[in-house]
Amino acid sequence: SSSQTLSTFLFTNLRHTTPPDSSELKSIRESIAASEEAWRCVMPTGILAVRLRNGATRLMFPDGRVMLKENESTGWICTEMDGTVHMLNGPTTKKLETIVQKDVPSGSVVTTREDLVMVIEYENGAVLAQHSDGEFIPTYIVCM
């Protein structure tokens, strides 16, 4: 499947580095941004806020969670990393298919959801989330 192919690509290329500059991913991201996005902003916490041209707001979290507010009169739709979808502070409305794989050589764990969000958790505690629009959000561990 395409998620397994992408997982293999990321394992092969991202074991010890930050995401490579991929012209293909950049092209996809620019295409989506041009057609849907009004603006985007990275918050100090690492959350990426995206305002769409249709008035919806999408929040993409460094741990792979996603929140979507379609307009001012609706509540937030939350998608958790385990695939649980619910209204903010509400009951579960559905469960997306989620696959968890372990890369034995690196010890990393890859979680891929049906909505094309993928999170790689490295043994050292670092996390790399790739959201459905191709955006990478890395979380690094800083030792002092």
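Which residue forms a salt bridge with Arg113? The partner is Asp115, and the closest N and O atoms of the two residues are 2.9 Å apart. A salt bridge here is a side-chain nitrogen of Lys or Arg within 4 Å of a carboxyl oxygen of Asp or Glu. Arg113 is buried, at 2% relative accessibility, whereas Asp115 is partly exposed at 24%. Buried means under 20% relative accessible area, exposed over 50%, and partly exposed in between, for a 1.4 Å probe and protein chains only.

The model is predicted, so local features need pLDDT of at least 70 and side-chain atom pairs count only at pLDDT 80 or more, while totals for chains, interfaces and linings use all residues. Residues are numbered from 1 along each chain as its sequence is written, and side-chain values use heavy atoms, with hydrogens and water left out.

The whole structure contains 7 salt bridges. One of them joins Glu37 to Arg40, with 2.5 Å between the closest N and O atoms. Glu37 is buried, with a relative accessible area of 7%, and Arg40 is partly exposed at 28%. Arg40 also meets Asp133 in a salt bridge of 2.8 Å, N to O. Because Arg40 lies in strand E1 (residues 37-42) and Asp133 in the loop between strand E11 (127-130) and strand E12 (136-139), this pair ties together parts that are 93 residues apart in sequence. Strands are DSSP runs (E) of at least two residues, numbered from the N terminus. Asp133 is buried, with a relative accessible area of 3%.

Technical notes. Helix = DSSP H or I, 4+ residues; strand = E, 2+ residues; numbered from the N terminus.
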